[in-house]
Amino acid sequence: MNAAQETSIGTAMKLEGVSKLYGPVKALDNISFELRKGEFLTMLGPSGSGKTTSLRAIAGFIQPTSGKLLIDGRDMTRVPPQKRNIGMMFQDYALFPHMTVLENIGYPLETRGVKREERQRRVMEMLEVVGLAHCASRYPKEMSGGQQQRVALARALVFKPDIVLLDEPMAALDKKLRGQMQIEIMHITRQVGATVVSVTHDQEEALVMSDRIAIFKEGRLEQIGTPRELYQKPRSEFVADFIGEANLLHGVTRSDDHGVVVEGCSWKASLPKADPRVQAISNGRKACVVLRPERIEPSAAVHQGGNGGQGIIEDKIYLGVEYRLVVRMRDGSKVNLRSRDVTSVEAMNAGDRIGISWSPSDIVILGD
Ligand code: ADP
Ligand code: MG
C-alpha cells in the first residue's frame, strides 16, 4: 500500500449487481465489486467484454438495467454525469484546440465556479506535478503526444474528483512512449492520491499500473485481485491464460492416502494430504493443472514419479538470459518452459526425450 492509500482507507465506490442489457445482449451481467480510496484499479478483458460499458455506467452516461452504484456511500445510480464528481481522460485526449494549456486545465475549475486567482494557483500546481510548468501558454498542437496526454491527465485531476476514469489511455501512443507514460501516469495519480479506474485490453499495461485488476469476460467479472494474486492463484483457465503465460494440462483426479494426484498420459501433478487445497478436490473428476513456464524444471534424466513427466523437445530457443523450451508430451499437448539454467539446457537438443518437474507449491489445480 502506498502513502496516499494509507491516509484514505475506505471505500470510494461500490457496484452492486450491476447489469446492462442491450436487447438480448448482456453487456454487463451482475457486476459487483468495491473500489478503495486511493486505489488504481484496471478493468482488463478482450474486446466486447464490457469494460467501456462499466466505465460509462460509473460516469453516468448510461443507466444500468438493474443494480446499484454507490460513490462515497451515496446511491448515485440515477444521478446525471455532471452531478457526479468524476474526472475523465479519453484516448484522444479531447483537449480544446483554441485554448492554451493553462486554459484547458483551468476549464473544469471554471465550470465549477472557482475564482480566477485560485484557478491559476491550482493549475500551476498541477502543471508542476505533470512536469509541464514551462508549457502553460502553449496550444495543444504545439505539444507532443505524450505532453498532450499529461495535459489531459492534469485536466482530469485538477478539480480533485472522487474518481478518475481512463479509457484505453495509451491507445494513441507508440509502443515506446506507451511504456514510459504507463509509469508516469501511475506516479502522478499516486502522488495526488487519486482513485482511478482504468480500462485496457493490454495485460502488460494492467500489470505495470494497477493495485488491483478486474478481469472481464463476456460481460461478467471473472476475477478481481492484485496482479500477484491473479498470476499465482487464477480461479479459471481464462484468467490463467490472460495474465502471463500459462501451460494448461488436462487430466483426471485421483485421491489416495497420500493426497491428490492429477494425471495425464505422461505426467502427473500431486498435492500432499496436508495441503489445504486438497479438500476442495474430489476423486475421479476432470481437472486442469496450471503451470507457469518459469516454474518447470527440465532435466536430461527421465522423470521418476512425483510431480512432473516426460516429453520430447520440439523447440529450443536461446533468449539471452534464459532458454525457452517447447516440450511435446505423449498425448500431443505442448508444454512451454523457461530455464535460466543455461549450462544444463545447452546440452539438450531438439528431438531429445527429457524429464520435466515442478514443485507442488507452484501448481494450481482447477476443477471442471
Ligand atoms: P469492451 O469495452 O470491453 O470492448 P463494451 O463494453 O464496449 O466492451 O461492449 C460490451 C458488449 O455490449 C458488446 O457485445 C457490445 O457489442 C455491446 N454494446 C455496447 N454498447 C452497446 C450499445 N450502445 N448498443 C448495443 N450493444 C452495445
Ligand atoms: Mg472498450
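**Close-up views of a predicted model**

View 1. Five bridges hold strand β9 (residues 212-217) and strand β10 (residues 220-225) together, with the two pairing in the antiparallel sense. This is a predicted model, so read every panel here with that in mind. If you want a residue pair to orient yourself, take phenylalanine 216, which stands opposite leucine 221 in β10. Two residues sit between the strands of this hairpin, and glutamate 218 takes a positive phi near 45° there.

View 2. Follow the order β6-β7-β8-β3-β9-β10 and you have walked across an open sheet of six strands with mixed pairing. β6 (86-89) and β10 stand at the edges with a single partner strand each, so one side of each is left without a neighbour in the sheet. On average, neighbouring strands of this sheet are turned by 20° against each other, direction ignored. As a reminder for reading the panel, strands of a sheet pair through backbone hydrogen bonds, either parallel or antiparallel.

**View 3. The β6 end of that sheet, with its helices.** Here β6 and strand β7 (residues 163-167) run parallel, joined by four bridges. Lying across β3 (40-44), β6, β7, β8 (196-200) and β9 is α2, which runs at about 150° to β7. Helix α5 (residues 145-157) packs on the sheet too, where it touches β6 and β7. The direction of α5 makes about 170° with that of β6.

View 4. Zooming in on one pair, strand β4 (residues 66-71) and β5 are antiparallel, with two bridges between them. Isoleucine 71 stands opposite arginine 74 in β5.

**View 5. The shell around ligand 1.** Which residues are around ligand 1? They are Tyr22, Val25, Ala27, Pro46, Ser47, Gly48, Ser49, Gly50, Lys51, Thr52 and Thr53. By type, the shell splits into four nonpolar, six polar and one charged residue. Both β2 (25-36) and α2 (51-59) supply at least two residues of this shell. The largest share comes from α2, with three residues.

**View 6. Polar pairs at ligand 1.** Start with threonine 53, where an N or O atom of the side chain is 2.5 Å from an oxygen atom of ligand 1. For threonine 52, a polar side-chain atom lies 2.9 Å from an oxygen atom of the ligand. Glycine 50 takes part through its backbone instead, with a polar atom there 3.0 Å from an oxygen atom of ligand 1. How much of the accessible area of ligand 1 does the protein cover? On its own the ligand has 560 Å² of accessible area, and the protein covers 58% of that.

Note on methods: Residues are numbered from 1 along each chain as its sequence is written. Chains are lettered from A and ligands numbered from 1 in the order in which they are written. This is a predicted model: local features need pLDDT of at least 70, side-chain atom pairs count only at pLDDT 80 or more; totals for chains, interfaces and linings use all residues. Side-chain values use heavy atoms; hydrogens and water are left out. A residue is near a molecule or strand if one of its heavy atoms lies within 4 Å of it. A polar contact is a pair of N or O atoms within 3.5 Å; within protein, one must be able to donate a hydrogen and the other to accept it, and residues adjacent in sequence count only if both atoms are side-chain atoms. Accessible areas come from the Shrake-Rupley method with a 1.4 Å probe; for residues, only the protein chains shown count as cover. Ala, Val, Leu, Ile, Met, Phe, Trp, Tyr, Cys and Pro count as nonpolar, Asp, Glu, Lys and Arg as charged, and the others, Gly among them, as polar. Two strands pair if DSSP finds at least two bridges between them. Axes are lines fitted to C-alpha atoms, for helices over the stretch in contact, and angles run from 0 to 180 degrees between N-to-C directions. Contact means heavy atoms within 4.5 Å.
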